[in-house]
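Me: I would like to learn how to read an aromatic pair and the strands around it. Could you take me through one case, step by step?

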Amino acid sequence: MAMKRMVSPILGLAMLAVVLGGVHLFSKSRTTQLFGDIIPRVETPKPMVALTFDDGPSVRFTPEVLAILREHGIKATFFLTGKETEENLPQARMIVSDGHQVGNHSYTHSNMALMGSARIRDEIERTDAAIRTAGHKGEIMFRPPYGKKLLGLPWYL
Ligand SMILES: [Zn+2]
C-alpha cells in the first residue's frame, strides 16, 4: 500500500523555515526561556540606567574605562569571559577592587544555543573559577554570548 504525500516539498521547506526562524527568535529572547529566570529589568525607587560592559577584561581598555567610572562615581557590571580574565588577571582584579559587579560571559565567547552539556559546564565553571581568582566573592550572574540560549544552557544555569 502506498501512502499519499501530504505536504509538497516546497510547502515542507517553508514550514521548516518558519519553525527554524521561530527557534532562532526564541533563542535570542531577552525576556523568556524554558528554565530559570531572566532578569530583563528591576524595579527601582527612581528612574535609573544599569551600565554593563561585555567581554574582556583587556589590558588596553579596562583601566581607561575604570578611570572614567571612578571619576564619575559610577558602579557598573562587567560580564567577563573566562579566557580573557585568565590572560588579563590584573585588569580583572582592578574591576573587583573598584567594587563593580562582575558576571560570567562564558569562557570562549561561543554561541551556546546548541552546545553540549559537558562544554556548557566547562564554559561556565572555568569562568566562575577565573572570576573568583580575580577576587570576586558571592553570586555570579551569567549573560550568554550574543544573547543566545535554548535548552541546555538555561537548564544548567
Ligand atoms: Zn559578548
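**Reading a ring pair**

Reply: Phe53 counts as partly exposed because its relative accessibility is 25%, where buried means under 20% relative accessible area, exposed over 50% and partly exposed in between, with a 1.4 Å probe and protein chains only. The model is predicted, so local features need pLDDT of at least 70 and side-chain atom pairs pLDDT 80 or more, while totals for chains, interfaces and linings use all residues. Residues are numbered from 1 along each chain as its sequence is written, and side-chain values use heavy atoms, with hydrogens and water left out.

Me: Is Phe78 buried or exposed?

Reply: Phe78 counts as buried, because its relative accessibility is 4%.

Me: How is a pair of aromatic rings described?

Reply: One gives the distance of the centres and the angle of the planes. Rings of Phe, Tyr and Trp (its six-membered ring) pair if their centres lie within 6.5 Å, and planes under 30 degrees apart count as stacked, over 60 as edge-to-face and the rest as tilted. This structure holds 1 aromatic pair: the ring centres of Phe53 and Phe78 are 5.0 Å apart with the planes at 20°, so the pair is stacked. The two residues, in strands E1 and E2, are 25 residues apart and link distant parts of the chain.

Me: Which residue is the bridge partner of Phe53 in E2?

Reply: The partner is Phe78; strands are DSSP runs of at least two residues, helices (H or I) of at least four, numbered from the N terminus. Two strands pair if DSSP finds at least two bridges between them, and E1 (residues 52–54) runs parallel to E2 with 3 bridges.
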